[in-house]
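The sequence and the structure are shown first, and the description follows.

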Amino acid sequence: MIRRLESLAEFTGRAVAWATLLMVLITFAVVLLRYLLDLGWIAMQESITYLHALVFMLGAAYTLKHQGHVRVDIFYRKFGDKGRAWVNLLGTLLLLFPLMGFIFWISWEYVLESWKVFEGSREAGGLPGVFLLKTLLLLLPLGLLAQGLALVLRSLVILRGEDLG
């Protein structure tokens with residue numbers, strides 16, 4: 001189960017890497033078109049914002065899996081495997097899970113209302129998929145909850161002294 005949960009974070013991380021490349025290419029195109037040809041499209045500029053949100057919201061679980069989030073590392077790095085497992089277990093149960101549950105709960109109605117009207121951009125010529133962008137507010141906590149569950153299970157295996165093999 002740990003591997004399945006972590007494979008989800010790996011998959012989204014790899015997809016986000018491609019989205020990052022796409023975002024860079026679109027940004028480059030926007031700059032070239034604007035300054036060389038005096039052309040610009042709102043939808044093209046909005047797509048950069050959408051991709052930026054996608055990268056951060058979907059990349060969060062991948063970053064958690066690879067221990068890339070900021071942490072106060074004064075004690076953690078000095079702990080052994082079991083000490084780190086305790087920190088990961090308690091931090092996930094007491095901080096990550098409640099926070100992600102709250103974000104999901106508080107975002108649900110907001111996202112649902114956007115889906116009800118298939119909300120689009122307020123800008124003329126903007127992207128019609130604002131409701132899809134807002135859906136990332138639900139996908140962020142779901143991805144982090146899944147990766148958090150993998151972290152809890154991995155911590156429990158370490159605390160029991162079992163092999164992760």
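## Basis of the description

A helix is here a DSSP run of type H or I with at least four residues, and helices are numbered from the N terminus. By this rule, Ile48 has its place in helix H2. The structure is a predicted model.

## Overall architecture

The secondary structure of the protein consists of four helices and zero strands. In sequence order the pattern reads α-α-α-α. The radius of gyration is 20 Å, well over the 15 Å that the globule rule gives for 165 residues, so the protein is more spread out than a compact globule. The C-alpha trace spans about 65 × 35 × 30 Å along its principal axes.

Of the 165 residues, 32% count as buried. The protein exposes about 10900 Å², and carbon and sulfur atoms supply 70% of that area. Among contacts with a separation of 6 or more, 71% come from residues 24 or more positions apart.

In soluble globular proteins, nonpolar side chains tend to be buried together. The largest nonpolar core in this model has nine residues: Ala9, Ala60, Ala61, Leu64, Leu96, Met100, Leu140, Leu144 and Leu151. Two or more residues of this core are given by each of H2, helix H3 (81-116) and helix H4 (130-159). There is also a second, separate core of eight residues, including Met23, Val30, Leu51 and Val55.

Leu140, one of the residues of the largest core, is in contact with Met57 and Ala60 when its neighbours within four places in sequence are left aside.

Is Ile48 buried or exposed? Its relative accessibility is 17%, and Ile48 therefore counts as buried, the limit for that class being under 20%. Apart from its neighbours within four places in sequence, Ile48 is in contact with Met23, Ile26, Thr27 and Val30. Among these partners, Met23 and Val30 are also included in the second core.

## Asn88 and Thr92 in helix H3

Asn88 is found in helix H3, and helix H3 is also the place of Thr92. Asn88 counts as buried because its relative accessibility is 14%. Thr92 has a relative accessibility of 3% and so counts as buried.

For Thr92 they are Phe97, Pro98, Gly148, Leu151 and Val152. Asn88 and Gly148 are 60 residues apart in sequence, with a C-alpha to C-alpha distance of 9.0 Å.

## A nonpolar patch on the surface

Nonpolar residues also occur on the surface, where Phe28, Leu32, Leu36, Leu37, Leu39 and Trp41 form a patch. Together these residues have about 640 Å² of accessible area.

Key. Residues numbered from 1 in each chain as written. Predicted model: local features only at pLDDT ≥ 70, side-chain atom pairs only at ≥ 80, totals over all residues. Heavy atoms only, no water. Patch = residues over 30% accessible without salt bridge, like charges linked within 9 Å, V, L, I, M, F, W, Y side chains within 5 Å. Areas by Shrake-Rupley, 256 points an atom, 1.4 Å probe, with all protein chains shown as cover. Salt bridge = Lys/Arg side-chain N within 4 Å of Asp/Glu carboxyl O. Core = buried A, V, L, I, M, F, W, Y, C linked by side-chain atoms within 4.5 Å. Buried < 20%, exposed > 50% of the residue type's maximum accessible area, 1.4 Å probe, protein only. Contact = heavy atoms within 4.5 Å. Rg over C-alpha atoms; globule rule 2.2 N^0.38 Å.
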